[in-house]
Amino acid sequence: MRELSLHLLDVLENALRAGATHVAVKIDEDAARNLLTMSVRDNGRGMDRDTLGRLGDPFYTTRTEREVGLGIALLRAAAERCNGTLQVASRVGEGTEVTATFQRDHIDRAPLGDVPGTILAALLADPRVDLTLCHRANGRELHFDTRELRAELGDVPLDQPRVRAWIAAYLKQCYTELYDDTPEEEGHAETLVD
Amino acid sequence: MPKLSSISDLRRLREQVQSDLSSRLETGTTITVGMGTCGIAAGARETLQAIMRELGEREIEAHVKTVGCIGMCAKEPLVDIEQAGQPRVTYGNVTADRVARLLDEHLVKGNLVQEWVVARLDSH
């Protein structure tokens, strides 16, 4: 995949297909330790040891439409190509946690890309899911929690056209703030010059 | 400084939506985008964004949802358009750059884009 956020979307889709009603996404860009970590924890139906063992085998899938399940295999390959790992922990009836790590400055490490686009796409797959996002980068932390949105929206669904547009704009703004490195007030720039 | 979004906007949005009669009526149009691994790899997330952008710009109300892989991976991104009383039409290879024409032809002008159709399911 061109962006790591596309792998993230793929894992989120798996979580939703497993019947998750809550998904917790964590992203950590740790420049000091030169690590980029992404994880998705869900409360879906989980996998037994046999299934877990076959996860990542491209010829194993629970789907019936075709014989190939590539998502996890692709993500593992992407992580290992960057001196990283893919770890999957799961318990039947409790849920699953997928964690991918990458050497942050590895030349083959794809950009993280459009995380807001991924989050919105996941919400359109199941607008009733509770989704939390915690993204650490640049010495800051971004938090997003659909429960906070629902507290204001009441029974208006997250995929209502005006709501989905608001979510897209809100997340885009959160990410601009997360990565923004410009000085806070233009007027003060002058005081920095000798 | 551009106006900042905040969660309290949602309270106002909720009031707008609840008082807006046209929103109360179930929109008859549903657009479904395939979002399995194959779809994602083929650019379906970008297709989804283009669809929402076009709907917004043309002020067309439509329900937008995603589904997993249906097995026609070589034709991803797949987009279904279903309008009340019309057959459900599945379009293939709908990359983001094709969305404007697709929505204009199908939703605005009421014509199928035949060369992109991969399936049609007549309504009962």
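The model is a predicted one.

In chain B, helix H4, spanning residues 44-58, packs against helix H5, spanning residues 99-108, with the two axes 9 Å apart and at an angle of about 50 degrees. H4(B) and H5(B) are therefore oblique to each other, and their crossing is right-handed. On the H4(B) side the contact is made by B:Thr47, B:Ala50, B:Ile51, B:Glu54, B:Leu55 and B:Arg58, which meet B:Val99, B:Ala100, B:Leu103, B:Asp104, B:Leu107 and B:Val108 of H5(B). The residues of this contact divide into eight nonpolar, one polar and three charged.

B:Thr47, which lies in helix H4 of chain B, has a relative accessibility of 0% and therefore counts as buried. Leaving aside residues up to four places away in sequence, B:Thr47 touches B:Pro77, B:Val79, B:Val94, B:Thr95, B:Ala96 and B:Val99. Among these, B:Val99 also belongs to the H5(B) side of the helix contact described above.

Turning to the cysteines, a search of the whole structure finds zero disulfides over all chains. For B:Cys73, the nearest cysteine sulfur is that of B:Cys38, 3.6 Å away, and B:Cys73 is in no disulfide, because a disulfide requires the two sulfur atoms to be within 2.5 Å. B:Cys73 counts as partly exposed, at 29% relative accessibility, whereas A:Cys82, at 1% relative accessibility, counts as buried.

Conventions. Residues numbered from 1 in each chain as written. Chains lettered and ligands numbered in written order. Predicted model: local features only at pLDDT ≥ 70, side-chain atom pairs only at ≥ 80, totals over all residues. Heavy atoms only, no water. Axes fitted to C-alpha atoms, helices over the stretch in contact; angles between N-to-C directions. Helix = DSSP H or I, 4+ residues; strand = E, 2+ residues; numbered from the N terminus. Parallel < 35°, antiparallel > 145°, perpendicular 65-115°, else oblique. Left-handed = near helix turned anticlockwise from the far one by under 90°. Contact = heavy atoms within 4.5 Å. Nonpolar A, V, L, I, M, F, W, Y, C, P; charged D, E, K, R; others polar. Buried < 20%, exposed > 50% of the residue type's maximum accessible area, 1.4 Å probe, protein only.
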